[in-house]
Amino acid sequence: MNENEVVFTKIDKLIGAVESFKFEPVFSSEKSRRQHNQVSPLLNDNEILKIFSHLIAYSQNANSEIVEQVLKSGKFDEAFENFEIEKVIKLNPCDIADNHWNLIKGIRQQGKLFHIVTLARKIKTIGSISKILNETNIPKQIKSKEDIDKFWQGFEKLLTTLKTNKIPFFQSTTSLLHFLLDIGYDCVKPDLVVMKVAKKLNIIELETGDKNFRKAVRFIQEYSLDRNIRPSIVDFYFLIDEGQMGARKFVRKEFYENAKLNKLTA
């Protein structure tokens, strides 16, 4: 058994342990959502602005459950004119704060309002993010080892373009992978939780650093290809395993009680 297969087997066991404590029907519902989340060929710049803005709302250690409630209320979208770029570029972030902050303060920082308006203006200046995204030729699904190589080549091209145009919030590996994951590409977001699990499984030696972020994501892509499972679902199991706040509801509480007991008796 080679080194990769050893870690693959560890991931299999992690998935099996989570499956033993899944809380239905929410577990299967979320797993199905991730399984069927496909890149839309009709994705336009207004929709991209909305997705970018929702991800910004979740950023900077905002409580994911509270942000989810804010977004579900529709008040966040309302504050930004439902993300019609031509309207958003004319907004004043101070006016948004004065008129809407009490209803959207769950996003935690008012500075995000400024970043979203700036983002809309940048997209307008560039011309079309959706066109740039299509031109990267990132595979919409990974079906071969060659597709993994093409993913990272396209990713680097896209990241360079966003950096050159100083697109706020999305000039880093982690944030851009989060965006691609959200719209249905086969990757994961290498956040603190995912990186903790990756280190625990010996996929990486350190939890920080761009090189390690990419190594962890690529390894998960390779595992997913070998086991015929989407990376977004592996991400789902990793988030549950490490007890991410928004993921704990998908398993029975005994899962974490058993994990705590195993640590004490190890």
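Mentor: Let us begin with helices: helices (H or I, at least four residues) and strands (E, at least two) are DSSP runs, numbered from the N terminus. Ala-17 has its place in helix H1, residues 3-19. This is a predicted model, in which local features need pLDDT of at least 70 and side-chain atom pairs count only at pLDDT 80 or more, while totals for chains, interfaces and linings use all residues. Residues are numbered from 1 along each chain as its sequence is written, and side-chain values use heavy atoms, with hydrogens and water left out.

Trainee: Why is Ala-17 called partly exposed?

Mentor: Buried means under 20% relative accessible area, exposed over 50%, and partly exposed in between (1.4 Å probe, protein chains only). Ala-17 has a relative accessible area of 34%, so it is partly exposed.

Trainee: What makes Cys-94 exposed, and why does Cys-187 count as buried?

Mentor: Cys-94 counts as exposed because its relative accessibility is 53%. Cys-187 stands at 0% and therefore counts as buried.

Trainee: How many disulfides are there?

Mentor: A disulfide is a pair of cysteine sulfur atoms within 2.5 Å. By this rule the count is 0.

Trainee: Which residues form an aromatic cluster?

Mentor: Phe-27, Phe-236, Tyr-237 and Phe-250 form one aromatic cluster.

Trainee: What makes the largest cavity a cavity?

Mentor: On a 1 Å grid over the protein atoms alone, a cavity is a set of points where a 1.4 Å probe fits but cannot get out; lining residues have an atom within 4 Å of a point. A search of the whole structure finds 1 cavity of 30 Å³ or more. Its volume, the space filled by probe spheres set on the grid points, which are joined across faces, edges and corners, is about 30 Å³. Among its lining residues are Phe-52, Ile-129 and Leu-133.

Methods. Phe/Tyr/Trp six-rings, centres within 6.5 Å; stacked < 30°, edge-to-face > 60°. 1 Å grid on protein atoms, 1.4 Å probe; cavity = no way out; pocket = protein on both sides within 12 Å on 5 of 7 lines; lining within 4 Å.
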